[in-house]
Amino acid sequence: MSLSGKRIVITGGATGIGLATTRLAVERGAQVVITGRTEATLKAAAESVGPGVEYRVLDVTDPEAVERVLAAVGPFDHLVTGAAEIVAGPFVELPEADARSLFETKFWGQYRAAKAAVAHIAPDGSILFFSGYLYRKAEAGFSGFAAVNGAVEGLVKALAIELAPLRVNAISPGQIDVFEGRWDAESHAKYRADVSAALPAGRPGTPEEAAHAVLYLLENTFTTGTTLDVDGGK
Ligand SMILES: NC(=O)c1ccc[n+]([C@@H]2O[C@H](COP(=O)([O-])OP(=O)(O)OC[C@H]3O[C@@H](n4cnc5c(N)ncnc54)[C@H](OP(=O)(O)O)[C@@H]3O)[C@@H](O)[C@H]2O)c1
């Protein structure tokens, strides 16, 4: 399915993989609505891409706002639920409230966006969730991500059956470098060196490489219930 003329809603669409997906989708002729919590970031992102992008402020932890914003945007063809925060720390030290906060954004945020989208999304469209490598490639200090990503992948399989013919998929990004300019130069260089040494690909992935996989899952009409690893081989 071509994305030309299709309408796509991307939560967390102003930065990282969401922004790269927005750029690629607009290049393919789609109209994209990006959402996030920060109006200045959304405005700058929309202006950097140009025509074809509009934005709405939306905190996905607010159920009423998710329903209101998706109703105001609809009808649309695809939903991409990229909004998430980063919560890490040793299991015994991490406050339960922090682990719950991660679930509130990355699991319940995607769950409620998908639920609110069903009334407005085209039956030949799709919903694209975000999992992440830390479920099936667990690391110490990231138990919250292991749990939330496992929950997302389970939900995707069930919804692909229950919401058919609407397609439901997930991408599971590996180490994608969205951190330049967010981390100090030394920490960023160490991250790149460590990831480069660990991965068969010999480097972290780019947001554009992850976005390319997102668009495959939106476009391929025989793919549903799938979680696609884009992880440089490990
Ligand atoms: N990068 C990686 O290595 C990697 C690896 C595995 C999985 N992933 C997954 O990939 C997805 C995209 O992440 P990314 O790497 O592109 O990171 P990112 O650039 O930090 O994107 C996350 C986006 O979510 C938004 N957001 C955070 N909390 C929100 C909330 N409560 N409501 C609405 N929007 C919210 C942020 O914008 P505001 O703060 O302005 O709202 C931001 O635009 C996430 O699910 C992440 O877990 C990434």
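Which residues are the closest to the ligand, and how many surround it? Here are a few notes on that.

1. First, the ground rules. This is a predicted model, in which local features need pLDDT of at least 70, side-chain atom pairs count only at pLDDT 80 or more, and totals for chains, interfaces and linings use all residues. Residues are numbered from 1 along each chain as its sequence is written, and side-chain values use heavy atoms, with hydrogens and water left out.

2. The ligand is surrounded by 26 residues, each having a heavy atom within 4 Å of it. The closest are Thr15, Ile17, Arg37, Thr38 and Arg182. Helix H1 (16-27) and helix H4 (96-117) each give at least two residues to this shell; helices here are DSSP runs of H or I, at least four residues, and strands are runs of E, at least two, numbered from the N terminus.

3. Now for the polar contacts (pairs of N or O atoms within 3.5 Å). Ligand oxygen atoms lie 2.6 Å from a side-chain N or O atom of Thr38, 2.7 Å from one in the side chain of Thr15, and 2.8 Å from a backbone N or O atom of Ile17. Taken alone, the ligand exposes 880 Å², and the protein buries 87% of that (Shrake-Rupley method, 1.4 Å probe).

4. Leaving aside residues up to four places away in sequence, Thr35 touches Ile10, Thr11, Gly12, Gly13, Leu42, Arg56 and Leu58 (heavy atoms within 4.5 Å).

Definitions and conventions. Polar contact = N/O pair within 3.5 Å; in protein donor to acceptor, adjacent residues only side chain to side chain.
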